[in-house]
Amino acid sequence: MSTRFLKYFFEPESLAVIGASEKNFSLGGQVVANLNDAEFPGKVWVVNPKKYAQVHGREVYHSIQKLPEVPDLAVVCTPAAAAPNAGLLNVSVASSAPNAAV
């Protein structure tokens, strides 16, 4: 098995965080805040269909299709039923149980 695509999981140059908001306990918001705190050197795009202008100082795109390019890695932080079905190449899903209080 080739490991060449694992580079995109462990050393992505661009990331889309899908489902991020600044709500308390927002997993996606925590991911964006951690990327900011760690000074992630690559591109970070926040995707949320709601009408947020920014999340933790980053512009919000309202759909995956509006991103300027295909990210190396998408971190999906939504309930499993709301996970996007788009042309993403590499995806990491961080989802709570369907009935979990968030």
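Predicted model: local features only at pLDDT ≥ 70, side-chain atom pairs only at ≥ 80, totals over all residues.
Started with Asn48: a polar atom of its side chain sits 2.9 Å from the backbone nitrogen of Lys50.

Next I looked up where Asn48 lies, and found it in the loop between strand 2 and strand 3 (54-55). Is Asn48 buried or exposed? I have it down as buried, because its relative accessibility is 6% and the cut-off for buried is under 20%.

Then I listed what Asn48 touches, skipping residues up to four places away in sequence. I got Gly19, Ala20 and Ser21, plus Val60, Tyr61 and His62.

Moved on to the cores. The largest nonpolar core has 13 residues, and Leu15, Val17, Ala20, Leu35 and Val46 have the most contacts inside it. Which elements each supply at least two residues of this core? I noted strand 1 (14-18), helix 2 (27-37), strand 2 (43-47) and strand 5 (73-76).

Last entry: Glu59, which lies in strand 4 (residues 58-61). I logged Glu59 as partly exposed, since its relative accessible area is 48%. Not counting residues up to four places away in sequence, Glu59 touches Val46, Ala53 and Gln54. For Glu59 and Val46 I get a C-alpha to C-alpha distance of 6.6 Å, with the two 13 residues apart in sequence.

Note on methods. Residues numbered from 1 in each chain as written. Heavy atoms only, no water. Helix = DSSP H or I, 4+ residues; strand = E, 2+ residues; numbered from the N terminus. Buried < 20%, exposed > 50% of the residue type's maximum accessible area, 1.4 Å probe, protein only. Contact = heavy atoms within 4.5 Å. Core = buried A, V, L, I, M, F, W, Y, C linked by side-chain atoms within 4.5 Å. Polar contact = N/O pair within 3.5 Å; in protein donor to acceptor, adjacent residues only side chain to side chain.
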